[in-house]
Amino acid sequence: MKTKKIIQFTLVFLVGFTAFAQEKKWSLKESVDYALQNNITVRQSQLDQQIAEQDLKSAKGNFLPTVNASASQNWNFGSFIDQNGSRISRDSRGNGFGLNAGVTLFNGFRNTNLQKQAELGIESSKIQLDILKNNISLNVVNAYLNILFNREAVKQAEEQVAISQKSLEQVQELVDAGARASADLLVSKSQLASDNERLVNAENNVVLSLLNLSQLLQIPSQGFDIQNVDIDLTEAVLAYNNSNEILSYALDNRPEIKGAQLNIDNAELNYQIARSAYLPSLSFGVGASTSYQHLQGQDDVLPIVTGFDATSGEAIIELQKNGFAEQIENNLGYNVGFSLNVPIFNGLRTDANVKRAEISKERIVLALEQEKQTLTANVEQAFADAKASLIQYEASKISLESQELAFQNEQDKYDLGVSTSFQLEQVRNRLINAQSSFLNAKYNYVFKTKVLDFYLDKPITE
């Protein structure tokens, strides 16, 4: 019974959660924030940053000493030299133990440059993450605006369907009364069918644009929706007279340029690391070792001469215990020393590595210049696009007002019987085209100004 209640509660919770998820309408800021926190590519880039931090940890470890312990077990069969330097002809087993430590004192500043390079790696990974987040933000904003655009297109299409339906009803009454020819009825029906098709296409575009945004956010598309935003363009003006200010800021602050500059620093470090192979390296080491040996079938004893017999002159030998502990202690030895390695000739490999690093550095310097040229072209193009979109918006607004007035005049003439239904529909089609052009110009202008904000590192979600 208790289990049944738990299942019922779980089902109620899941149904309620699903309903809440479907009723949620995403704002632009929520959409961008969610994408930046959950996008798989962003999370992979964050993991790359963690890897770079571990690279730095490893580079710092190059300055620390290395410590190693060793142990061995061996068996000897037949003749061999024992610990005392005597040749023994019987089987034995033995152990060896060692502890060694070493540290590099100098290797041509290679370790220093490797640490600097690892630090640059962290900075570079952060910059790459910033670039990725910027691009994702811009893509989400574009997708969000596309939904709003398509929804306004649906409203326009619905208005035209309503107008066509009303016109058809009026024409039907006039045809029935004999005041209009039946051909006018066919024209009205054709226009209504065309408007209905336009409405269906507009609704499909809304569905597809919602699907596109949900895929960018990498969440299920079922029940996904966004908040409607009223875009007020009563004062549509550009904040800048030219692209100079935008370009100056972008060249100093855009992560693409900072990343290219870091690449130059990294290339210089690669060059220095390659040159370090010309210099000698010095290391210091200490160690301790001991061993144990046991002759098979014999006790661990050590013969010690304690004196000589006065009569025969033979040595008096005493067998002392020489077990594992005694041998380990007695055989313990230490070593300490320096090791100097001076490179003289290695088949020109160092020369080739240095030259490759030098050429690579020159290529990366050119890559920075290319990045600056690309950014300059993009900023200038973005400003030109924004300026053109403003002009297009203003022109389309005037055109729409003109077409609305022309349609109203043609409607009045049609009501007076001066104009035909064909002429009225021709004028209305021009009005529909003007509405579509105005809607395109409106959202194109909004997005182009967002692109300018993007290059100025201003919030693009407001």
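Q: Where is Ser 276 found?
A: Helices (H or I, at least four residues) and strands (E, at least two) are DSSP runs, numbered from the N terminus. Ser 276 is found in the loop between α7 and β5, the latter covering residues 281-295. The model is a predicted one, in which local features need pLDDT of at least 70 and side-chain atom pairs count only at pLDDT 80 or more, while totals for chains, interfaces and linings use all residues. Residues are numbered from 1 along each chain as its sequence is written, and side-chain values use heavy atoms, with hydrogens and water left out.

Q: Is Ser 276 buried or exposed?
A: Buried means under 20% relative accessible area, exposed over 50%, and partly exposed in between (1.4 Å probe, protein chains only). Ser 276 counts as buried because its relative accessibility is 5%.

Q: Which residues is Ser 276 in contact with, leaving aside neighbours within four places in sequence?
A: Contact means heavy atoms within 4.5 Å. On that basis, with neighbours within four places in sequence left aside, Ser 276 is in contact with Asn 107, Gly 108 and Arg 110.

Q: What is the phi of Phe 109?
A: Most residues other than glycine have a negative phi. Phe 109 is not a glycine, yet has a positive phi of about 65 degrees. Phe 109 lies in the loop between β4 and α4.

Q: Which loop holds Gln 218?
A: Gln 218 lies in the loop between α5 and α6. Gln 218 has a positive phi too, near 60 degrees, in a residue other than glycine. Gln 218 counts as partly exposed because its relative accessibility is 38%.

Q: What is Asn 38 in contact with, leaving aside its neighbours within four places in sequence?
A: Asn 38 is in contact with Arg 43 and Gln 218, once neighbours within four places in sequence are left aside. Asn 38 is placed in helix α2, and counts as partly exposed because its relative accessibility is 26%. From C-alpha to C-alpha, Asn 38 and Leu 217 are 7.6 Å apart in space and 179 residues apart in sequence.

Q: Where is Arg 93 placed, and what does it touch?
A: Arg 93 is in strand β4, residues 92-106. Not counting residues up to four places away in sequence, Arg 93 touches Gln 73, Asn 74, Trp 75, Tyr 292, Gln 293, His 294 and Gln 296. Arg 93 counts as partly exposed because its relative accessibility is 31%.

Q: How far apart in space are Ser 437 and Gln 293?
A: Ser 437, in helix α10, is 97 Å from Gln 293, C-alpha to C-alpha, at 144 residues apart in sequence.

Q: Which residues have the most contacts inside the largest nonpolar core?
A: A nonpolar core is a set of buried Ala, Val, Leu, Ile, Met, Phe, Trp, Tyr and Cys residues joined through side-chain atoms within 4.5 Å. The largest one has 72 residues, and those with the most contacts inside it are Leu 145, Leu 213, Leu 217, Phe 224, Ile 226, Ile 246 and Tyr 455. Helix α4 gives the most to this core, with 17 residues. Leaving aside neighbours within four places in sequence, Ile 246 is in contact with Tyr 240, Val 379, Phe 383, Leu 452, Tyr 455 and Leu 456.

Q: What lines the largest pocket?
A: On a 1 Å grid over the protein atoms alone, a pocket is an open set of points where a 1.4 Å probe fits, with protein on both sides within 12 Å along at least five of seven lines; lining residues have an atom within 4 Å of a point. The largest pocket is lined by 22 residues, with Val 446, Thr 449, Lys 450, Asp 453 and Glu 462 nearest its centre. Helix α10 gives the most to this lining, with six residues.
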